[in-house]
Structure formats: C-alpha cells, structure tokens
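Work through these exercises with the model open beside you. Try each task before reading its solution.

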Amino acid sequence: QVYAGRDRGALIGPTAADVRDTMVEGESGLLSVFAPHHRPVYEPSKRRVTWRNGAVATLFSGDDPEALRGPQHMKAWVDELAKMRYARAVWDMLLLGLRLGTGPQVVVTTTPKPKEVLVAIARDPRTVVTTGSMYENAHNLAPDFRDEIVRLYGGSRLGRQEIAGDLLMDIPGALWQRAWIDAGRRVAAPDLRRIVVAVDPAVTSAEGSADTGIIVAGVGTERPDAHYYTLADRTMHATPDNWAKAAINAAR
C-alpha cells in the first residue's frame, strides 16, 4: 500500500543490482505490478522511485548498511534478508531510521534461512508471518522446471526450504541443535567450582573477517552435577586490543 504526500520508503536488496533487476525492473518488480495509470517513475541515477501521489522510495544495497544511517523512512521493503552478508547491520540501521509517521512498517520477503536476525524477527510478537510454497505459484512456472525441481529436491531438506518455504532451524550433522540449547536454559547458574573465559581470536579485524569468540563457562560444584553452564557470550568483531580488554573484563 502506498500512501499519499510526503511518504518516504526504502527498498533494500542484497546488492544494488538485485534491487534494480528484481525489486524494481523484474517480472514481479514495482514497475510490472502496477497498472499503467498508477505505475511509479523510476530514476536510476537518483536511486529513487516516485509514485503519482508523491510517495517516494529510495534504493539501498545490503552491501552498504551505513548508507541507511541518517535517512528517515515510514515504510520499507527488504528482499532476501537471509541472503545479505551484513543482514544484522542492515536491519539495525534500517530500524534506527524507521521513525516517520505514526505506524512505521517493514515487509521482509526472503528465503527462510535460519539466520539469527531472521529468526528474531519471526519470533517477535509484533511480526505477522506468512509463508508460501512453490506449489502455490506453480501456474506461473514453466512445467518442465517445476517437475524437475520436485523430482530432484522433493522431500529433501533443501526442498523443504526452497520449495515448501519452511524455516529449518538446525543444520544437518551439527554437533549442537537449538532445541537442545533451549531445553537446557536456566534462569540462573548454580554454584560453580570452576569458571573459564575462552577466546577464539580472529586473524584480522577487517570488515569481512570472522568475529573473535569470547565465551564464559563454568562447571557445577557438586560431583553429581556434571553439567557445564554457559554464563556469557562476549563475542565481538574487534581489534586485538579491544577483544583482549573484553576478555579481561569478562574474567573480572
């Protein structure tokens, strides 16, 4: 729904090309789904789509989360959030600018991959979750494609994600499953006979580098209590000086 007047929106895809080729100019993009007399005007050089009623949407790339710092919006469409390299940063920067109007809203359309940020959004009580399978859109797909995809992936884990649209929380063969962690949560840890701060340092602190893992864990005091308790996760993306300080603070 597009509102009148000075409304400001954001269109965000994994890359600038994705926003242009899929969200705006694609077969199901904005220029295709509107009737000719309501079709918005697309200005590529300004990264802007303008509707006849004055509403404006600006195009943003998921590769540049910082570009969302500053601009204000009241509506946003985020496509393929689970595909973005900096999904958490994109979501955080978007929310900080989603401050216009009386009821800012976001619609997220994405393949349901179990990214932390996507899971958190889906679990938010304010989120309305709708799902759709490939079968619901079968009449728009080439029959040969549809039959081959079902033959190759029907009934598989990949098929559940890509065909049925299921959000699969665990990775096959993973040593730890989210259900186990959730079942083992405690309000507070018991007395512990030993507490350890473990650090898994990253090689560099560049933008694309891994995080430095900093975990605080302990083991129960009583011999029958052979359980280990994770007390804190101080994992961070930082230089050696900063993550070392964080590890020392965790130990203190």
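The exercises below concern a predicted model.

**Exercise 1. Overall form**

Find the number of helices and strands in the protein chain, then set its radius of gyration against that of a compact globule.

*Solution.* 
- Step 1. Count the elements. The protein chain has eight helices and nine strands.
- Step 2. Take the reference value. For a compact globule of 252 residues, the radius of gyration would be near 18 Å.
- Step 3. Compare. The protein chain has 23 Å.
- Step 4. Check the box. Along the principal axes, the C-alpha atoms fill roughly 75 × 45 × 35 Å.

**Exercise 2. Surface and charge**

State what percentage of the residues is buried, then describe the accessible surface and the charged side chains.

*Solution.* 
- Step 1. Of the 252 residues in the protein chain, 30% are buried.
- Step 2. The accessible surface of the protein chain is about 16500 Å². Carbon and sulfur atoms account for 53% of that surface.
- Step 3. Count the charges. There are 31 positive and 30 negative side chains. The centres of these two sets are 5 Å apart.

**Exercise 3. The largest nonpolar core**

Which residues touch the most other members of the largest nonpolar core, and which elements supply it?

*Solution.* 
- Step 1. Start with the general rule. Nonpolar side chains tend to be buried together in soluble globular proteins.
- Step 2. The largest nonpolar core holds 16 residues, and Ile12, Leu68, Leu81, Met84 and Leu94 touch the most other members.
- Step 3. Trace the sources. Strand S1 (8-13), strand S5 (75-79), helix H3 (87-97) and helix H4 (116-123) each give this core at least two residues. H3 supplies the largest share, five residues.
- Step 4. Beyond four places in sequence, Leucine 68 touches Ile12, Phe60, His73, Val90, Met93 and Leu94.
- Step 5. Look elsewhere. A second, separate core has 12 residues, including Val24, Ala55, Leu59 and Trp77.
- Step 6. Return to H4. Its buried residues include Val117, Leu118, Val119 and Ile121. The buried residues of H4 pack against H3.

**Exercise 4. Arginine 48**

Is arginine 48 buried, partly exposed or exposed?

*Solution.* 
- Step 1. Locate it. Arginine 48 lies in strand S3 (residues 48-50).
- Step 2. Apply the cut-offs. Buried means under 20% relative accessible area, and exposed means over 50%.
- Step 3. Conclude. Arginine 48 has a relative accessible area of 27%, so arginine 48 is partly exposed.
- Step 4. List the contacts. Outside four places in sequence, arginine 48 contacts Val41, Tyr42, Glu43, Val56, Ala57 and Leu59.

Terms used
Residues numbered from 1 in each chain as written. Predicted model: local features only at pLDDT ≥ 70, side-chain atom pairs only at ≥ 80, totals over all residues. Heavy atoms only, no water. Helix = DSSP H or I, 4+ residues; strand = E, 2+ residues; numbered from the N terminus. Rg over C-alpha atoms; globule rule 2.2 N^0.38 Å. Buried < 20%, exposed > 50% of the residue type's maximum accessible area, 1.4 Å probe, protein only. Areas by Shrake-Rupley, 256 points an atom, 1.4 Å probe, with all protein chains shown as cover. Lys, Arg positive; Asp, Glu negative; His and termini not counted. Charge placed at Lys NZ, Arg CZ, Asp CG, Glu CD. Core = buried A, V, L, I, M, F, W, Y, C linked by side-chain atoms within 4.5 Å. Contact = heavy atoms within 4.5 Å.
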